[in-house]
Amino acid sequence: YLLRPLASLIVWAVYPTGITPNMVSVAAVVIGCAAGWFYCAGTPAFTVAAGVMILLKDIVDDADGQLARAKALYSRRGRFLDSIGDFIVNVAVFAGIGSAMVAMRPGPSAPVMAFLGLAGITLRVSYHVFYQVSFLHTEKRYGLNRIVEGITEEDKRGDRFDYMLQRIFGAIYTWQDRLMLRVDAWCRGGTVRDELLATWYGDRLGLRMSGLLGFGTEISLLAVCSLFDRLELYLWLNLTVMNGIWLAAVLYRRYYLLANLA
């Protein structure tokens, strides 16, 4: 409701040009890494600037997907670039936050919280993406994304740069996708029949709960805390509220949705 309309303005501006979605993805990574550097500075002014930049990164990151749909330039290369770039930005941002907090409060607690924050946002977004992609697969919409990105013989014979990106993507995300597959299998309890999978993955409340764990919510929360120079508060919200939403989404599917379908 907020970020997508802003991203569409970027799409409207660059659509007539030769700018490709992949170029927009790279621009988002540059902005995000710059935000990480600003966080590292640790001053209130730089923290506020970092919050603005991380929000801008999310808007530009949303624009690359919109531009790809508008120009019908879907590609697996774009998918890999976007996801690898997100991970690079997350590492840069949380390294910057951890560094700033260590300067304010020396000791092991700050880097530990920053690391747990990075792990949390990475796994929660993977959970969100798993259910989004699974839903799109049951709807037979946008099958370019695989639920688990395994490497096939066709991939090995394809474009070498795409294959290299796929290997990097796999090292970062494939184990997470398999973990989410196991979490989903536990939630289904082995009792959801194949003909009910479309209902399972298309459940509106389940999708809304997992949707709260996407980058939009995560980045907006970080941006707001940054504007008030409250990075420690953000890490606590990351570890408690956001993980609480994740736990609620898992338990909803396991104990409520499963019971209804059974």
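**Patch, bridges and packing**

Modeller: Let's start on the surface, where Val52, Val224, Leu227 and Phe228 make up a nonpolar patch with about 400 Å² of accessible area together. Bear in mind that this is a predicted model, where local features need pLDDT of at least 70, side-chain atom pairs count only at pLDDT 80 or more, and totals for chains, interfaces and linings use all residues. Residues are numbered from 1 along each chain as its sequence is written, and side-chain values use heavy atoms, with hydrogens and water left out.

Colleague: What makes a patch a patch?

Modeller: Its residues have over 30% relative accessible area and no salt bridge; nonpolar side chains (Val, Leu, Ile, Met, Phe, Trp, Tyr) are joined within 5 Å, like charges within 9 Å. The areas come from the Shrake-Rupley method with a 1.4 Å probe, and for residues only the protein chains shown count as cover.

Colleague: Why is Phe228 called exposed?

Modeller: Exposed means over 50% relative accessible area, buried under 20%, and partly exposed in between (1.4 Å probe, protein chains only). Phe228 is at 62%, so it counts as exposed. You'll find Phe228 in the loop between helix H10 (215–227) and helix H11 (231–261); helices are DSSP runs (H or I, at least four residues), numbered from the N terminus.

Colleague: How do you know that Asp159 and Arg77 form a salt bridge?

Modeller: The term asks for a side-chain nitrogen of Lys or Arg within 4 Å of a carboxyl oxygen of Asp or Glu. Asp159 and Arg77 come in at 2.9 Å, N to O, so the pair qualifies. This pair links distant parts of the chain, 82 residues apart: Asp159 is in the loop between helix H6 (153–157) and helix H7 (160–188), Arg77 in helix H4 (residues 76–104). Asp159 has 39% relative accessibility, so it counts as partly exposed, and Arg77, at 27%, does too.

Colleague: Why are H2 and H4 called roughly parallel?

Modeller: Angles under 35 degrees count as roughly parallel. Helix H2 (residues 21–41) packs against H4 at about 5°, with the axes 7 Å apart, so H2 is roughly parallel to H4. Axes are lines fitted to C-alpha atoms, for helices over the stretch in contact, and angles run from 0 to 180 degrees between N-to-C directions.

How values were computed: Helices (H or I, at least four residues) and strands (E, at least two) are DSSP runs, numbered from the N terminus. Angles under 35 degrees count as roughly parallel, over 145 as roughly antiparallel, 65 to 115 as roughly perpendicular and the rest as oblique.
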